[in-house]
Amino acid sequence: MIPLTELLIKEDITQIPALSVLIRFIIVKYYARYYSFCSIGQDFLTDVTIARITLDATASDMSNRNLQLAIDIGCQAFVVEEPGILWFLDHYIPAHHNSQQRSKDKSVMLLIKKRNSDTLLKLISQHVSLRGTPIVYLVFLEYIRCITILINSNLILDIFNVLIIVYNPENLRPDRLYTTVISFTGVQQHNLDHRTSLRIIEVDWINWKLTQFFPDKLTDLQGFVLRLGTFNYLPFSYYERMDPGLGNAYDADTGERSVWLDGTELRLLVSFCQWRNCNIIVFTEDEDELGVVYANGSGKGILGDVAEGRTDLALGAVYYWFGPYNFTDYTMSISRSGVTMLVPRPHMLPFWYTPFLSFSPVLWAAVFCTLLTGIGAAWYIGYFRYRLLTSFNMERQNVTERLSLSEAILMVVGFFVAQSASIRNDLWSCVVLFASLLLAGFMVSNCYSAGLASVMTIPQYEHSIDTVIDFANSGMQWISPTAIVLEGISGGTEVTVILAESHHRRIPHMKKIASTMLLATGDRAIEYARRGQFGFIIERAQHGDFAPSNHLEQNTSILYQKLLDDLYYQNCAAISIKTNPLLANLNDYILRVQQSGILYYWANIVAMRYQPTGVFRNIENARHHNQLGDGAVRLQIDHFIGAFFILGYGLLCAGFIFLLEVSGTKMVGRLKRRVRSIRC
């Protein structure tokens, strides 16, 4: 330590800039990237026309509401004078927690008078908003001892870029520089153990403008510990406990490096910490998993842990939900995730359907109407012919009997199945009618034969549920393990866009889907899956992988297929506390990983290591029916079941009608005999 007297002998005090000059230089050089900054307390820039927000360090202005309002207006950096330093640090976290603005990488400049420097500097260094992680101090002192501070805290450092200036109020000039070096020493029972030491920074006051007043502490984080909340949700996140020393993250329960993190999102975070030299301590959440954040800021699961400040970051396919956003912040989008449905696969239609599949229901209705029209026309023309010929007093032997209804039915049906029938040709009206019936029967029989050939050689299946609208119209109930899916349905990216384009077209379908949801987990969901009669929500990752569906087994996965479109989709991100100083660098790293394409490689590695590839292969290939083989199938006896069914049905109806006719004949005979006996 060089005494101040010797320093003043070696350096001319006139070479040390005035405090206002130094502050102005620092603001122009380091604060120009911010939208605005706040000056709290004595403003040393009264003679400088620099846009800023000023707050008086008085009892009337020193309130959390005023600081929060300044942050919401656009205050992203701070210059705080001594009377308001402790108040500012006390309200820094609450004010940012309640504000809506979320600027990244904030900077703070603290101005301390030298007569209070020893006491105030110690209080600042031990403050909860600054302790626990690397921090840079730029200290100008008349005299200070080098000290070593041992800090145990489970709070993240909320400010990285901190500059402390201790100045002489008599000549308003700074004197000395100090910075801190923090090393990580371990994790013990949820406490982050860092060792913080102050060291002197040599400043050449002749070339003081070349000094790095805010040194880069993010390139090497010196073992910075990041508290992570996660749960097992492949392919996004996966953790596994291992023997001490074999993991890539620390276990919050034991303090040992015994947790192995994997999955596309956790691999990204591990890679970031390997590059930046930081450590991860894992707080697992297997009961509530994602959880929820309530309107008062409390919550459960990994979302609630971040909202309440128990963790710094949470990963596990977290969407951009508005509810948690009021109390947290999000990173850049890591990947796209689409939520779709698994629906029962269509079953092959029974073979007795074969004779009826040649025509569609509408076409069958048209053929049936044509048949009835032909029967009515044939019967009426036959009746009209008989009356016309007998009216001309033609001989009875030359006039055949009139056409009965049963004869008309058999005649027209014979035309439709390419059979011969007796045709009356003594009137031109009969010739035209029967010619048209012959042509209609020819067309119907040929079309039916062509359709029957394709139906008998190509397997026919039930109507397939392919789209979200099809699923909504089916009225099928679907299973979800959590009700948070309903929030995704109402706020998903795809749904929002579609509703904006066509408000009345999609809302009814989404309402139908939301009304048919059933909550089920564990054995109950497995039981539903085995029935093959329900839909199941499933998440599809950006590169084609599926999130795990614990209710699906190898033998039940063949019963389902996925929809061709998404129910909704969202972008997955990491959720963080609002004052996390690493967000800006993490966002930059996420964008670099995205453009490199390495996420696709990670997704494939995770799928091969952990996911049930057999189950997902069955789902992916569900629309490729194995019955098709290499082409058309050979005809089998099963294909004629429909013809036998028609024959059997006809015999049954004929026998039943025959019994009715016999019974009716006997009853009529008895009635006639009784009437005769009464008359006699």
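Q: Which residue forms a salt bridge with Asp262, and how far apart are the closest N and O atoms?

A: Asp262 pairs up with Arg609 in a salt bridge, and their closest N and O atoms are 3.1 Å apart. The pair links distant parts of the chain, with Asp262 in strand 13 and Arg609 in helix 18 (residues 598-610), 347 residues apart. The general idea: a salt bridge is a side-chain nitrogen of Lys or Arg within 4 Å of a carboxyl oxygen of Asp or Glu. Helices (H or I, at least four residues) and strands (E, at least two) are DSSP runs, numbered from the N terminus.

Q: Before we go on, what kind of model is this?

A: This is a predicted model, where local features need pLDDT of at least 70, side-chain atom pairs count only at pLDDT 80 or more, and totals for chains, interfaces and linings use all residues. Residues are numbered from 1 along each chain as its sequence is written, and side-chain values use heavy atoms, with hydrogens and water left out.

Q: Back to that pair: is Asp262 buried or exposed?

A: Think of relative accessible area: buried is under 20%, exposed is over 50%, and partly exposed is in between (1.4 Å probe, protein chains only). Asp262 counts as buried because its relative accessibility is 1%. Arg609, at 49%, counts as partly exposed.

Q: How many salt bridges does a search of the whole structure find?

A: The search turns up 15. One of them joins Arg102 to Asp329, with the closest N and O atoms 4.0 Å apart. Arg102 sits in the loop between helix 4 (85-98) and strand 4 (107-113), while Asp329 is in strand 18 (residues 329-330), so this pair ties together parts that are 227 residues apart in sequence. Arg102 is buried at 10% relative accessible area, and Asp329 is buried at 4%.

Q: What about Asp253: which residue does it form a salt bridge with?

A: That would be Arg241, with the closest N and O atoms 3.6 Å apart. Asp253 lies in the loop between strand 12 (250-251) and strand 13 (259-262), and Arg241 is in strand 11 (residues 238-241), so here the parts tied together are 12 residues apart in sequence. Asp253 is exposed at 55%, whereas Arg241 is partly exposed at 40%.

Q: Where is Thr556 found, and what lies 2.8 Å from a polar atom of its side chain?

A: Look in the loop between strand 22 (535-540) and strand 23 (560-562). The backbone nitrogen of Glu553 lies 2.8 Å from a polar atom of the Thr556 side chain. Thr556 counts as buried, because its relative accessible area is 4%.

Q: Now the surface. Which residues make the nonpolar surface patch?

A: Patches are built from residues with over 30% relative accessible area and no salt bridge: like charges are joined within 9 Å, nonpolar side chains (Val, Leu, Ile, Met, Phe, Trp, Tyr) within 5 Å. In this model Trp352, Tyr353, Phe356, Trp364, Phe645, Ile646 and Tyr649 make a nonpolar patch of about 670 Å². Helix 20 gives the most to it, with 3 residues. Ile646 has its place in helix 20 and is partly exposed at 43%.

Q: And which residues form the positive surface patch?

A: Lys and Arg count as positive. The patch here is formed by Lys666, Arg670, Lys672, Arg673, Arg674, Arg676 and Arg679. Arg676 lies in helix 20 (residues 641-679), and it is exposed, with a relative accessible area of 55%.

Technical notes: Areas by Shrake-Rupley, 256 points an atom, 1.4 Å probe, with all protein chains shown as cover. Charge placed at Lys NZ, Arg CZ, Asp CG, Glu CD. Polar contact = N/O pair within 3.5 Å; in protein donor to acceptor, adjacent residues only side chain to side chain.
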